[in-house]
Amino acid sequence: MKVLLIAPAWRKSTGNKTKTIFPPLHLATVAALTPPGVEVRILDESIEDIDFNARVDLVGITALTALAPRAYAIADEFRARGVPVVMGGMHASAMPEEALKHVDAVVVGEAEGQWPQLLEDFQAGRMKNVYRTEKRPSLAGLPVPRRDLLELDRYLIPHTVQTTRGCPFACSFCAVSQFFGRTFRHRPVEEVIREVASLPGRIVGFVDDNIIASKKYARELFRSLIPLRIHWFSQGSLDLADDEELLGLAAKSGCVGMFIGFESLVQQNLEKIGKRVNRVERFREAIKKIHRFGIAIEGAFIFGLDKDDPGVFKCTVNFARRCRLEVAQFSILTPLPGTKLYREMQEQGRITNRDWSQYNFARVVYEPLSMSAEKLQRGFEWAWRKFYSYPSILQRLGWWPRRHHGILWAINVQFRQRVWRYV
Ligand code: SF4
């Protein structure tokens with residue numbers, strides 16, 4: 001039996017010239033859950049075009065909301081050729097009925113437990129429509145992702161590892177706690193260390209939602225990473241700055257940078273979205289502290305929250321520049337299906353666009369409260385261009401040598417190119 005796992009892409013494949021950022025680790029994880037005897041292949045559409053006439057018995061697709069229309073189009077093509085299709089991931093888990101109009105079965109929630117069962121049922125000719133994960137799977141003893149099925153040299157950051165799942169916070173716009181639950185689960189440290197040590201590269205991206213959600217676990221993990229002498233980056237909440245011991249261990253274990261969600265400079269906005277871990281009056285001090293440990297920050301900010309007026313763009317960009325954030329990511333508030341924000345906006349009748357392809361954090365798909373949709377769209381684009389202008393990059397990073405200076409310049413220039421191409 002042959003199974004083809006597909007990661008749909010935003011744009012046409014890059015051919016064999018350019019690289020894309022991350023490999024589809026989630027599909028390599030699903031491949032590792034596939035029983036021996038089943039031949040499995042991974043196709044990342046961002047680097048390779050799909051051959052719809054390929055001889056396969058079953059296709060598996062996963063997609064976030066913005067890629068759901070593309071995933072459905074791929075599924076329709078395969079099914080028209082008589083090949084059954086299964087879909088999983090965050091969007092299909094939030095909208096299983098919608099997905100079932102295009103696919104034969106949906107895996108709701110995490111794949112562990114469900115995927116092997118689905119394959120067994122498929123081979124026995126009794127595949128169900130819905131496979132639902134009732135109990136959050138333990139992360140102990142997970143099989144190592146099948147990286148041998150990925151073309152790792154086609155990615156800028158080829159080595160990614162997951163250590164934890166879930167987040168104890170429940171920000172209303174975020175799909176993480178909806179999908180993984182508010183419980184925070186982690187892999188045994190020794191299993192993570194074994195996996196990291198087996199990677200040929202020295203730069204590792206930990207693709208966690210909040211790697212410091214359990215400080216105790218993070219301390220143990222960082223301590224064990226020190227002897228491996230790697231450079232790593234991940235995502236975490238701002239309360240990292242409250243714990244100097246943890247910061248010291250992160251730096252010592254090779255932490256280059258952290259992606260941190262500041263979200264808003266208006267406390268009322270933070271209260272409204274439930275991001276209580278963030279206190280605006282402590283932002284500057286926290287940033288200074290993290291920087292003192294030589295850790296760069298990629299700050300994430302959302303535009304279009306209910307208290308955001310047209311002054312939000314300038315205020316946010318000035319803040320990010322003054323605090324010399326090495327990287328920033330601005331997004332437009334997006335009510336992803338399955339989130340509390342989606343339910344609230346739905347009840348208030350504020351959703352204006354249901355074309356999922358526009359749910360890419362760069363388009364206004366709802367009615368903002370304190371400015372027009374047009375102003376929000378233009379302000380968002382202005383913020384990206386202003387922050388990634390050369391004077392801004394130079395002011396934030398400077399010419400002088402500092403820790404990871406070359407990498408940070410390269411990332412900023414990459415972002416700048418993307419901004420000028422797409423925004
Ligand atoms: S802290 Fe981050 S990962 Fe956790 S719920 Fe909020 S936005 Fe999501």
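User: Into which domains is the protein divided?

Analyst: Domain bounds come from an automatic or database domain assignment. Here that gives domain 1 (2-132) and domain 2 (159-422). Keep in mind that this is a predicted model, where local features need pLDDT of at least 70, side-chain atom pairs count only at pLDDT 80 or more, and totals for chains, interfaces and linings use all residues. Residues are numbered from 1 along each chain as its sequence is written, and side-chain values use heavy atoms, with hydrogens and water left out.

User: How many residues does the contact take from domain 1 and from domain 2?

Analyst: Contact means heavy atoms within 4.5 Å. On that basis, domain 1 gives 21 residues and domain 2 gives 20 residues. The C-alpha centres of the two domains lie 28 Å apart.

User: What area is buried between domain 1 and domain 2?

Analyst: Buried area is the accessible area (1.4 Å probe) that two parts lose on being put together, summed over both. For this pair you get about 1600 Å², with 69% of that from carbon and sulfur atoms.

User: How many salt bridges does the rule find across that interface?

Analyst: A salt bridge is a side-chain nitrogen of Lys or Arg within 4 Å of a carboxyl oxygen of Asp or Glu. The rule finds 3 across the interface of domain 1 and domain 2, and the count by this rule comes to 29. Have a look at Arg165: its salt bridge with Glu112 has the closest N and O atoms 2.9 Å apart, and in its salt bridge with Glu110 they are 2.6 Å apart. Arg165 sits in strand β8 (residues 164-165) and Glu110 in the loop between β5 (105-108) and α5 (114-123), so this pair ties together parts that are 55 residues apart in sequence.

User: What is the order of the strands in the open sheet?

Analyst: Helices (H or I, at least four residues) and strands (E, at least two) are DSSP runs, numbered from the N terminus. Two strands pair if DSSP finds at least two bridges between them. The open sheet has 6 strands in the order β7-β10-β11-β12-β13-β14, with parallel pairing. β7 (160-161) and β14 (327-332) are the edge strands, each pairing on one side only. Inside the sheet, 6 bridges join β12 (residues 255-263) to β13 (residues 296-303), and Met258 stands opposite Ile297 in β13.

User: Which residues does Phe259 touch?

Analyst: Phe259 has its place in strand β12. Leaving out residues up to four places away in sequence, Phe259 touches Ser234, Gln235, Gly236, Glu298, Ala300 and Gln329. Phe259 and Glu298 are 39 residues apart along the chain, yet their C-alpha atoms are separated by 4.6 Å.
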